[in-house]
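This briefing describes selected features of a protein model.

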Amino acid sequence: MIKFILGTAMALVMSTAAHAETVGVSMAKFDDNFLTVLRNGMTDYAKTLSGVTLQVEDAQNDVSKQQSQIQNFIASKVDAIIVNPVDTDATTAMSKLAADAGIPLVYVNRQPVNVDTLPDKQAFVASNEQESGTLETKEICRILGGKGKAVVIMGELSNQAARMRTQDVHDVIKTDECKGLEIVEEQTANWDRTQGADLMTNWLSSGIEFDAVISNNDEMAIGAIQALKAAGKDMTKVVVGGVDATQDALAAMQAGDLDVTVFQDAAGQGKGSLDAALKLAKGEKIDKKVYIPFQLVTPANVKDFVTKN
């Protein structure tokens, strides 16, 4: 009887160990509001799962550092890898590293350049960027009555999201309803609030006139708002839009400064990427692309989103 009990206990321990999984996570950078919510969503979800350990690293916006982190994950024989890429044009080499090692890899939030040719046991979890910039720009167009001048603040041009959201703006402006909109300036502020403020200050100093600010994300939009207010501009006469629906952005909307944002479920993407990684680690088949829908946020429905990101 004692031998039977001991044997059963050992079997349970071995079974638990067999299901224990370590997932290496390389984030583009920790110092980013949206990515912090995404990372926290992933780590909080992992705490609810038995036997799942996350090894989370900060790439500090350095492509070489991120590639080294992936190599270290492979060397330590993690069960799966999740990558929020610093540079979406550098993902082909990362995919090859993981594929050659036979370790599943999931890209999260930022679309890899090789998204349509990902190797087996690799996937992409995010939201469809064709929706984000489109929802934002259509709403700004509606507010302006289909005509006016706009400045566009772009994210890091090495990121597919920045390129896609900017293309969305141009595509909407080509439509009959919005062809009265004119882009008078278009520059990058690298997703950063301070750079957004500096860019807006430069535009204002140059005497550029505009009716709307179309920003690729909320952080740059908030920076632009800060510069506009510092210059004494009447915020009721400028339409400002962003993407992400961060808590700071929602607060700016409730204060009457931000007019449009688009909810991107950061925590949902974090959870979804971990789910995908664990399924691939178990040999399960999943879709190569897993999309979580965007949602338009305006002053009319802002209260519905205050606790979501």
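Strand β3 (residues 80-83) pairs with β4 in the parallel sense over 3 bridges; strands count as paired if DSSP finds at least two bridges between them. Helices (H or I, at least four residues) and strands (E, at least two) are DSSP runs, numbered from the N terminus. The model is predicted, so local features need pLDDT of at least 70 and side-chain atom pairs count only at pLDDT 80 or more, while totals for chains, interfaces and linings use all residues. Residues are numbered from 1 along each chain as its sequence is written, and side-chain values use heavy atoms, with hydrogens and water left out.

**Strands around β4**

- From β3 the chain passes through helix α4 (residues 91-101) to β4 in a right-handed β-α-β crossover; right-handed applies if, with the strands pointing away from the viewer, the path from the first strand over the helix to the second runs clockwise.
- Strand β4 also pairs in the parallel sense with strand β5 (residues 122-126), over 4 bridges, and Val108 has Val125 of β5 as its bridge partner.
- Strand β4 (residues 105-108) is covered on both faces, with Leu105 and Tyr107 buried on one side and Val106 and Val108 buried on the other.
- Burial is judged by relative accessible area: buried is under 20%, exposed is over 50%, and partly exposed lies in between (1.4 Å probe, protein chains only).

**Strands β6 and β7**

- Strand β6 (residues 147-154) and strand β7 (residues 180-188) pair in the parallel sense over 8 bridges, and Val151 stands opposite Glu185 in β7.
- Helix α6 (residues 160-173) forms a right-handed β-α-β unit with β6 and β7.

**Positive phi outside glycine**

- Gln60, which is not a glycine, has a positive phi of about 55 degrees; this residue lies in the loop between β2 (52-58) and α3 (63-75).
- Gln60 is exposed, with a relative accessible area of 52%.
- Trp191, also a residue other than glycine, has a positive phi near 70 degrees and is found in the loop between β7 and α7 (193-205).
- Trp191 is buried, with a relative accessible area of 7%.

**Pocket and cavity**

- On a 1 Å grid over the protein atoms alone, a cavity is a set of points where a 1.4 Å probe fits but cannot get out, and a pocket is an open set with protein on both sides within 12 Å along at least five of seven lines; lining residues have an atom within 4 Å of a point.
- The largest pocket has a volume of about 220 Å³, volume being the space filled by probe spheres set on the points, which are joined across faces, edges and corners.
- Lys29, Asp31, Asp192, Arg193 and Glu219 are the closest to the centre of the largest pocket among its 13 lining residues.
- Helix α7 gives the most to this pocket lining, with 3 residues.
- The pocket lining has 1 nonpolar, 5 polar and 7 charged residues; Ala, Val, Leu, Ile, Met, Phe, Trp, Tyr, Cys and Pro count as nonpolar, Asp, Glu, Lys and Arg as charged, and the others, Gly among them, as polar.
- A search of the whole structure finds 1 cavity of 30 Å³ or more, and the largest cavity has a volume of about 140 Å³.
- Residues lining the largest cavity include Asp32, Phe34, Asn109, Arg165, Trp191 and Asp244.
- Two or more residues of that lining come from each of α2 (33-47) and α6.
- By class, the cavity lining has 4 nonpolar, 3 polar and 5 charged residues.
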